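This report describes the fold of one protein for a reader who is new to protein structure. Please keep the sequence and the model in view while reading.

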Amino acid sequence: MTEPASLPWYRNRWFWLVAAPPVAAVVGGLLTVWIAVRHADSLVVDDYARIGRAFEMDQSRDRRARVLGVTATLRLDRATGAFEIAVRGVPAGPLDLTLLHPTDANADRKTSVTADADDRYAGHVGPLDAARREVEIASPQQGWRLRGVLQPGTDGLRLSPP
């Protein structure tokens, strides 16, 4: 009797049937790590405080705006990035304007402005795309903030405390 010729390991289908799932898992895991590192999420931008093992949002600035009765109106030209803010309810002081893009932290805009003689604030943040923007107007000295959402296609927003 003659013995059948044995095949080399790389030509044996049983080897590939057993080795394929672990090899696919390793390749898939490395691909997942590469995607996670290359496209990492940006940090959450807001007032959060770590309390024990939980995170809680600090709403003291929102409450302060409600107590003071602060309201604001924002007018924004998206093409040029020029804006004007009118604030009522508090004396004029430096303000911080933040326009947050919903998905791209590189497209966020932040600026500080001071009031002119008519208690109006004006400035420039650069051209903006048509995306929805989270708007925050805050007074670091007086300790209040107003938040709102500037919808696509709109050039104005009225902000009041929650």
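Which residues does Val-135 touch, not counting residues up to four places away in sequence? Val-135 touches Leu-74, Leu-97, Thr-98, Leu-99, Leu-146, Arg-147, Gly-148, Leu-150, Leu-157 and Leu-159. Contact here means heavy atoms within 4.5 Å.

## Basis of the description

The model is predicted: local features need pLDDT of at least 70, side-chain atom pairs count only at pLDDT 80 or more, and totals for chains, interfaces and linings use all residues. Residues are numbered from 1 along each chain as its sequence is written, and side-chain values use heavy atoms, with hydrogens and water left out.

## Overall organisation

The protein has two helices and ten strands. Both kinds of element are DSSP runs, numbered from the N terminus: helices are H or I with at least four residues, and strands are E with at least two. Read from the N terminus, the order of the elements is α-β-β-α-β-β-β-β-β-β-β-β.

Of the 162 residues in the protein, 26% are buried. A buried residue has under 20% relative accessible area, an exposed one over 50%, and a partly exposed one lies in between (1.4 Å probe, protein chains only). The accessible surface of the protein comes to about 11300 Å², and 57% of this belongs to carbon and sulfur atoms. These areas come from the Shrake-Rupley method with a 1.4 Å probe; for residues, only the protein chains shown count as cover. Among contacts with a separation of 6 or more, 55% are between residues 24 or more positions apart.

## The first helix

Helix α1 covers residues 13-38, and its 26 residues reach 36 Å from the first C-alpha to the last. This is close to the expected 38 Å at 1.5 Å a residue, where the expected span is 1.5 Å times one less than the number of residues. At Ala-19, shortly before the proline Pro-21, α1 has a kink of about 40 degrees. The bend at a residue is the angle between axes fitted to the seven residues ending there and the seven starting there.

Helix α1 is hardly covered, with a count of one buried residue among its 26. At the start of α1, a side-chain oxygen of Asn-12 comes to within 3.0 Å of the backbone nitrogen of Trp-14.

## The nonpolar core

In soluble globular proteins, nonpolar side chains tend to be buried together. The largest nonpolar core in this model has 23 residues. Such a core is a set of buried Ala, Val, Leu, Ile, Met, Phe, Trp, Tyr and Cys residues joined through side-chain atoms within 4.5 Å. The residues with the most contacts inside this core are Phe-83, Ile-85, Val-87, Leu-97, Val-135, Ile-137 and Trp-144. The elements that give two or more residues to the core are β3 (71-76), β4 (82-88), β5 (95-100), β8 (133-139), β9 (144-150) and β10 (156-159).

## A buried arginine and its surroundings

Arg-133 lies in strand β8. Is Arg-133 buried or exposed? Arg-133 counts as buried because its relative accessible area is 1%. The side chain of Arg-133 makes a polar contact of 2.9 Å with the side chain of Asp-129. A polar contact is a pair of N or O atoms within 3.5 Å; within protein, one must be able to donate a hydrogen and the other to accept it, and residues adjacent in sequence count only if both atoms are side-chain atoms.

Leaving aside neighbours within four places in sequence, Arg-133 is in contact with residues including Arg-78, Leu-99, Leu-128 and Gly-148. Leu-128 is placed in the loop between β7 (120-124) and β8, and it is buried because its relative accessibility is 9%. Val-125 lies in the loop between β7 and β8 and counts as buried at 11% relative accessibility. Beyond four places in sequence, the residues that Val-125 touches include Leu-76, Phe-83 and Thr-111.

## Two further loops

Gln-142 lies in the loop between β8 and β9. A polar atom of the Gln-142 side chain is 3.0 Å from the backbone oxygen of Pro-91, and a polar contact of 2.7 Å joins the side chains of Gln-142 and Trp-144. Gln-142 and Pro-91 are 51 residues apart in sequence and 9.3 Å apart in space, C-alpha to C-alpha.

Gly-69 is placed in the loop between α2 (60-68) and β3, and it counts as partly exposed because its relative accessibility is 40%. Gly-69 and Pro-161 are 92 residues apart in sequence and 7.7 Å apart in space, C-alpha to C-alpha. Not counting residues up to four places away in sequence, Gly-69 touches Arg-88 and Gly-89.
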